[in-house]
Amino acid sequence: MKKRLSFALLLSLGAFSQLSLAEQTLRFGVDPTFPPFESKASDGSLQGFDIELGNAICAQAKVTCQWVQIGFDSSIPALQAKKFDAILSAMSMTEKRREQVAFSDMIYNTPSALLTPKHSALTDDIRTLRGKSVGVAQGTIQETYAKAKWAAQGVNIVSYPNQMEIYPDLVAGRLDASLANAVSAAQGFLNTPEGKNYAIQATLVDKELLGNGVGIGLRKGDAANLKLINDALAQLHANGTYDRLAKKYFAFKVYP
């Protein structure tokens with residue numbers, strides 16, 4: 001009798017485990033204002049490399065994906081408040097952010113760039129930037145870098161809710177330059193009619209302030225989701241899914 005009860009209990013526990021896995025949801029926080037990584041299509045649906053990568057992670061891990069839209073500057077507080085499980089929104093892995101969140105393995109690495117009108121004399125040399133206005137997106141590594149390195153030396157750093165709101169002011173001449181992610185600037189602005197008279201004048205590297213690649217941010221102590229995501233990422237690299245997605249969005253290698 002005890003053996004039959006034990007066997008029945010094991011069966012029920014196994015069924016419960018499978019049901020729990022099938023019903024598990026992984027909630028990603030995202031700010032969809034950063035093409036080609038994340039943006040909204042004309043019908044309002046989410047699109048971009050991060051979106052497809054996140055969906056592929058969920059498919060590989062056999063869990064359900066849920067996307068929660070939020071401003072980038074609010075993403076870490078919202079993560080800590082458990083409004084979602086992870087941030088998948090082109091978040092660079094800086095030492096300051098590592099104090100607040102745990103990061104997955106690197107998902108890509110792209111530089112920051114100074115965006116100006118073509119034929120501009122501006123560069124990342126502070127002597128050319130003094131007295132000029134440079135637009136940055138709130139909460140980004142570019143904002144952190146510009147305020148730390150340039151603001152005290154006479155550069156007017158102007159923060160915007162997101163990068164897409166910077167471009168109209170740049171075109172209108174209210175800004176002299178913008179410090180942004182190089183890939184987003186190229187594909188989200190330079191490759192558009194509005195950006196035809198603009199160019200990247202310099203790329204910047206600073207591991208302390210600009211980070212060393214992009215990762216998926218999770219709450220510290222969330223070992224289960226960290227393992228789930230890293231295991232899925234490793235499998236996506238091994239089976240070619242990552243490379244297929246990267247080639248769809250980028251004309252160059254974004255993963256070391």
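**Notebook: salt bridges and surroundings**

I searched the whole structure and found 9 salt bridges, a salt bridge being a side-chain nitrogen of Lys or Arg within 4 Å of a carboxyl oxygen of Asp or Glu. The model is predicted, so I took local features at pLDDT of at least 70 and side-chain atom pairs only at pLDDT 80 or more, while totals for chains, interfaces and linings use all residues. I number residues from 1 along each chain as its sequence is written, and side-chain values use heavy atoms, with hydrogens and water left out.

**Entry: Asp85 and Arg27**

I looked up the pair Asp85 and Arg27, whose closest N and O atoms are 3.2 Å apart in a salt bridge. Asp85 sits in the loop between α3 (75–80) and β5 (86–92) and Arg27 in strand β1 (residues 25–30), so the bridge ties together parts 58 residues apart in sequence. Helices (H or I, at least four residues) and strands (E, at least two) are DSSP runs, numbered from the N terminus. For exposure I used relative accessible area: buried is under 20%, exposed over 50%, and partly exposed in between, with a 1.4 Å probe and protein chains only. Asp85 is buried at 10%, whereas Arg27 is partly exposed at 22%. I also noted a network of salt bridges that links Arg27, Asp85 and Arg219.

**Entry: two further pairs**

I found Lys149 and Asp206 joined by a salt bridge of 3.9 Å, N to O. Lys149 is in helix α6 (residues 141–149) and Asp206 in the loop between β11 (198–204) and α9 (207–210), so I recorded a link between distant parts of the chain, 57 residues apart. Lys149 is partly exposed, with a relative accessible area of 37%, and Asp206 is buried, with 17%.

I then turned to Arg127 and Asp125, whose side chains form a salt bridge of 2.7 Å from N to O. Arg127 is exposed at 65% relative accessibility, and Asp125 is partly exposed at 25%.

**Entry: Gln142**

I placed Gln142 in helix α6. Gln142 is buried, its relative accessible area being 7%. Its side chain makes a polar contact of 2.8 Å with the side chain of Ser112. I counted as a polar contact a pair of N or O atoms within 3.5 Å; within protein, one must be able to donate a hydrogen and the other to accept it, and residues adjacent in sequence count only if both atoms are side-chain atoms. Setting aside neighbours within four places in sequence, I listed Ser112, Val136, Leu179, Ala180, Asn181 and Leu210 in contact with Gln142, contact meaning heavy atoms within 4.5 Å.

**Entry: Ala121**

I located Ala121 in the loop between β7 (112–117) and α5 (126–129). Ala121 is exposed, at 65% relative accessibility. I checked Ala121 against Val205, 84 residues away along the chain, and the C-alpha atoms are separated by 20 Å.

**Entry: whole chain**

I noted 11 helices and 12 strands in the chain. Along the principal axes, the C-alpha atoms fill a box of roughly 85 × 35 × 30 Å. Of the 256 residues in the chain, 48% are buried. I looked at contacts between residues at least 6 apart in sequence, and 70% of these join residues at least 24 apart.
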